[in-house]
Amino acid sequence: MSVASTESLPEEDISKPFMQQDPVKQPLCLPSIFGYHRITVEPALVLIALSRSLSGAVLTQLLLVRTCEVTLGINTTICDQLVTRTNHTEAEILEDQVQPHTAILQMAKTLVEACIPAFLSLFLGPWSDRYGRKLLMVWPLMGHSAMFWVITIMSLVPSLPPKYFLLSSLPVALSGGFLSIIASAFSFMSDITLPERRSFR
């Protein structure tokens, strides 16, 4: 093919608004006061944020009960007051005994899930610039899924010390954690969104 014929080929008109382009090529969109917007990673971000919020309170309660029963060796019937709270005075006394131990576990869990992903982010950002964002979003989601499976299995062992629940944080930390999900999602949306709509996204 000659150079002249190559130059005569029609170019894609990128000046037209997104919703005025070929409707066959348009992804699923939702209307809003700012126009139509593509649905990409928003549902996944909502679900992972919801799962973390719901599981955080449940895991804290589980650590309180396990610390009471296994670490402190208190009778199970008495430790049930942490959940049922039928006797508020007894429940408050138990919480004063259990909470210092649980706070140490929660601090260790937070450090593991924050420090390791912060270190990995130094390398994951440049890696995603070269190889793409999608794998960097999927891999931490698999780490969260593994964490919930580990917690589920460990909760089925009544005599397991609560410190072993820290092992459930390793899949999340080694996969980049919630930090990698947010960073990769923002980068992905920045790549596919027009500059004038990025602030809204």
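Which helices each supply at least two residues of the lining of the second largest pocket? I looked this up, then went through the helix pairs.

**Ground rules**

I am working on a predicted model, where local features need pLDDT of at least 70, side-chain atom pairs count only at pLDDT 80 or more, and totals for chains, interfaces and linings use all residues. Residues are numbered from 1 along each chain as its sequence is written, and side-chain values use heavy atoms, with hydrogens and water left out.

**Entry 1: the pocket**

The helices are α2, α5 and α6 (134-155). I take helices as DSSP runs of H or I with at least four residues, numbered from the N terminus. A pocket here is an open set of points on a 1 Å grid over the protein atoms alone, where a 1.4 Å probe fits, with protein on both sides within 12 Å along at least five of seven lines. Lining residues have an atom within 4 Å of a point.

I read a volume of about 230 Å³ for the second largest pocket. That volume is the space filled by probe spheres set on the points, which are joined across faces, edges and corners. I count 14 lining residues, with S55, G56, L59, K109 and M147 nearest the centre. α2 gives the largest share, 7 residues. By class, the lining has 6 nonpolar, 5 polar and 3 charged residues. Nonpolar covers Ala, Val, Leu, Ile, Met, Phe, Trp, Tyr, Cys and Pro; charged covers Asp, Glu, Lys and Arg; the others, Gly among them, are polar.

**Entry 2: α2 and α5**

I checked α2 (residues 42-71) against α5 (residues 88-131): the axes come within 9 Å and cross at roughly 130°. Axes are lines fitted to C-alpha atoms over the stretch in contact, and angles run from 0 to 180 degrees between N-to-C directions. That makes α2 oblique to α5 (under 35 degrees is roughly parallel, over 145 roughly antiparallel, 65 to 115 roughly perpendicular, the rest oblique). The crossing is right-handed (near helix turned clockwise from the far one by less than a right angle; anticlockwise is left-handed). The contact (heavy atoms within 4.5 Å) includes R52, L59 and T71 of α2 and L94, K109 and E113 of α5. I get 7 nonpolar, 7 polar and 3 charged residues in this contact.

**Entry 3: α2 and α6**

I find these two packed at about 25°, axes 12 Å apart. That makes α2 roughly parallel to α6. Their crossing is left-handed. Among the residues that meet are S55 and L59 in α2 and H144 and F148 in α6. The class count is 7 nonpolar, 4 polar and 2 charged.

**Entry 4: α6 and α8**

Last, I looked at α8 (residues 177-192): its axis and that of α6 come within 8 Å and cross at roughly 155°. The two are therefore roughly antiparallel. α6 passes α8 in a left-handed crossing. Contact residues include P140 and H144 of α6 and F178 and F188 of α8. I note 8 nonpolar, 4 polar and 1 charged.
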